[in-house]
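Please read this note with the sequence and the model open side by side. The points are numbered so that they can be checked one at a time.

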Amino acid sequence: MNAASARGPWRPTRRRVTEALRAALAPLAVSALALGGLTAWTVAGQAGSPPRITVTSGRVFLPYGDTTPTAAFFDLANLGGADDRLVAVTSPAADGTPSLSRHRATGAGTAAKAEVDAATVPAGGTLVMSAHGVDVTLRARAGWRVGDRVPFTLRFRHSGAIDAVAVVVRPGGRTP
């Protein structure tokens, strides 16, 4: 006969029961909080909702003089429940392949341009391209005039390819 069986059957004490309940309370609280958050997300219609990208306000700057480098800008909205990333831009009306770039102030009134691999369009949010942020840099073909329409294809990681048109405007201009 061992020592445990000599003492009789095991009985929980108040202290042991209290400790066991405390140990179980934290995981239960976290689970309830997570379930509440997922329920709210589902009720809001966002659960499992893929990105839905819309492209508006396409504009491309008229190059100055005999130069060909210019920039194009689009307003991107994501009506879906998941982020998406703009990963490439092409245009049959450009010389060469357009690229995504970001302009940043470097201090003392100067700025620098750097190519970027992608630009995020947040779930339920927008990405408004501008000369002071993300844009599409490209080389214009000869003969562009204000009002011309330039076709582009914007490629997104999840949404695939979306065709868009940018109107040629003078720098600082917006599409009508």
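The points below cover confidence, strand pairing, aromatic rings and salt bridges.

1. Basis of the note. This is a predicted model, in which local features need pLDDT of at least 70 and side-chain atom pairs count only at pLDDT 80 or more, while totals for chains, interfaces and linings use all residues. Residues are numbered from 1 along each chain as its sequence is written, and side-chain values use heavy atoms, with hydrogens and water left out.

2. Confidence. pLDDT is the predictor's confidence in each residue, from 0 to 100. The protein averages 86 on this scale, and 88% of the residues score at least 70. Confidence is lowest in helix H1 (residues 3-7), with a mean of 62, and highest in E9, at 97. Helices (H or I, at least four residues) and strands (E, at least two) are DSSP runs, numbered from the N terminus.

3. Partners of strand E3. Two strands pair if DSSP finds at least two bridges between them. Strand E3 (residues 84-90) pairs with strand E6 (residues 119-121) in the antiparallel sense, over three bridges. In this pairing Asp84 stands opposite Val121 in E6. E3 also pairs with E9, again antiparallel, over four bridges. Here Ala88 has Arg155 in E9 as its bridge partner.

4. Strands E2 and E8. E2 and E8 run antiparallel and are joined by four bridges. Thr70 stands opposite Leu138 in E8. Strand E8 (residues 134-140) has six of its seven residues buried, so it is largely enclosed by the rest of the structure. Buried means under 20% relative accessible area, exposed means over 50%, and partly exposed lies in between (1.4 Å probe, protein chains only).

5. Aromatic rings. Rings of Phe, Tyr and Trp (its six-membered ring) pair if their centres lie within 6.5 Å; planes under 30 degrees apart count as stacked, over 60 as edge-to-face and the rest as tilted. A search of the whole structure finds two aromatic pairs. One of them is formed by Phe74 and Phe152, edge-to-face, at 5.3 Å centre to centre and with 80° between the planes. Phe74 lies in strand E2 (residues 69-78) and Phe152 in strand E9 (residues 149-156), so the pair ties together parts that are 78 residues apart in sequence. Both Phe74 and Phe152 are buried.

6. A salt bridge is a side-chain nitrogen of Lys or Arg within 4 Å of a carboxyl oxygen of Asp or Glu. The structure holds three salt bridges. One of them joins Glu19 to Arg15, with the closest N and O atoms 3.3 Å apart. Both residues lie in helix H2 (residues 14-43). Glu19 is partly exposed, with a relative accessible area of 42%, whereas Arg15 counts as exposed at 64% relative accessibility.

7. Salt bridges between distant parts of the chain. Arg59 forms a salt bridge with Asp75, the closest N and O atoms being 3.6 Å apart. Arg59 lies in strand E1 (residues 53-61) and Asp75 in strand E2, 16 residues apart. Arg59 and Asp75 are both buried. Asp95 forms a salt bridge with Arg141, and the closest N and O atoms are 3.0 Å apart. This pair also links distant parts of the chain, with Asp95 in strand E4 (residues 94-107) and Arg141 in the loop between E8 and E9, 46 residues apart. Asp95 counts as partly exposed at 40% relative accessibility, and Arg141 counts as partly exposed at 39%.
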